Amino acid sequence: QVQLVESGGGLVQAGGSLRLSCAASARTFSSTVMGWFRQAPGKEREFVAIIIWSGMNTRYAESVKGRFTISGDNAKSTVYLQMNSLKPEDTAVYYCAAKSRAGLLRYDYWGQGTQVTVSS
C-alpha cells in the first residue's frame, strides 16, 4: 500500500517560516493532483493548497494566498509547501493528499499529518 509521508512540521514564532515536504513511498505512484489540507483543534479539515500536475496549475485558500507557496515534482511524486509570515491561526495538523487518477471527486491518498505550531 502506497503511503504519503510528510515532514517538516514544528514550532515557530509568528512571522517565521516552515517548509513542509510530502513524498509517496513508492516510485510507481502517480497522481493527477497533490496538495495540502490542515485541521486545527476543534475544527474541520480545510483546504490549503493544491498543485494540478497537468499544466502545473496551483490553487490556494484565501487565508494563505501571498504567504504560502506550493511546488513539487510529479516524476518523484513529491510536493512541498513553503509557509512564510506564519500566524498563530496557521497552527494545525497539516495533511498531504493526492488523487491517484482523473475523475475522482475525493482524495484517495492521505498522509498521517505533521504538526505545525505557531506561537504568538
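Which strands make up the open sheet of four strands, and in what order? The order is 1-3-8-7, and the pairing is antiparallel.

## About the model

This is a predicted model: local features need pLDDT of at least 70, side-chain atom pairs count only at pLDDT 80 or more, and totals for chains, interfaces and linings use all residues. Residues are numbered from 1 along each chain as its sequence is written, and side-chain values use heavy atoms, with hydrogens and water left out.

Start with the terms. Strands are DSSP runs of E, at least two residues long, numbered from the N terminus. Two strands pair if DSSP finds at least two bridges between them.

In the sheet 1-3-8-7, the edges are strand 1 (4-7) and strand 7. Each of these pairs on one side only. Neighbouring strands of this sheet are turned by 15° against each other on average, direction ignored. That angle is between axes, which are lines fitted to C-alpha atoms; angles run from 0 to 180 degrees between N-to-C directions.

Six bridges join strand 3 to strand 8, and the two run antiparallel. Leu-20 stands opposite Leu-81 in strand 8.

Arg-19 also sits in strand 3. Buried means under 20% relative accessible area, exposed means over 50%, and partly exposed is in between (1.4 Å probe, protein chains only). Arg-19 touches Ser-7, Gly-8, Tyr-80, Leu-81 and Gln-82, not counting residues up to four places away in sequence. Contact here means heavy atoms within 4.5 Å. The C-alpha atoms of Arg-19 and Pro-41 are separated by 21 Å, and these residues are 22 apart along the chain.

Strand 9 covers residues 92-99. Eight of its eight residues are buried, so the strand is largely enclosed by the rest of the structure.

Which strands pair with strand 9? Strand 4 (residues 33-39) runs antiparallel to it, joined by seven bridges. Here Met-34 has Ala-98 as its bridge partner. Strand 11 (residues 114-119) pairs with strand 9 in the antiparallel sense over three bridges. Ala-92 stands opposite Val-116 in that strand. Strand 10 (residues 109-110) is joined to strand 9 by two bridges, again antiparallel. There, Ala-97 stands opposite Trp-110.

Leaving aside neighbours within four places in sequence, Met-34 is in contact with residues including Leu-4, Ile-50, Trp-53, Ile-70, Val-79 and Cys-96.

## The disulfide

A search of the whole structure finds one disulfide, defined as a pair of cysteine sulfur atoms within 2.5 Å. Such a link is a covalent bond between the sulfur atoms of two cysteines. Cys-22 and Cys-96 form it, with their sulfur atoms 2.0 Å apart. Cys-22 lies in strand 3 and Cys-96 in strand 9, so the pair ties together parts that are 74 residues apart in sequence. The torsion about their S-S bond is about -80°, so the disulfide is left-handed. Cys-22 and Cys-96 are both buried.

## Two buried loop residues

Arg-67 lies in the loop between strand 6 (57-60) and strand 7. Its relative accessible area is 11%, so Arg-67 is buried. Its side chain reaches the backbone oxygen of Ser-63 at 2.9 Å. Beyond four places in sequence, Arg-67 touches Gln-82, Met-83, Asn-84, Ser-85, Leu-86, Lys-87 and Asp-90.

Gly-111 lies in the loop between strand 10 and strand 11. Gly-111 counts as buried because its relative accessibility is 10%. Leaving aside neighbours within four places in sequence, Gly-111 is in contact with Leu-4, Glu-6, Tyr-95 and Cys-96. The C-alpha atoms of Gly-111 and Ala-23 are separated by 9.2 Å, and the two residues are 88 apart along the chain.

Terms used
Polar contact = N/O pair within 3.5 Å; in protein donor to acceptor, adjacent residues only side chain to side chain.
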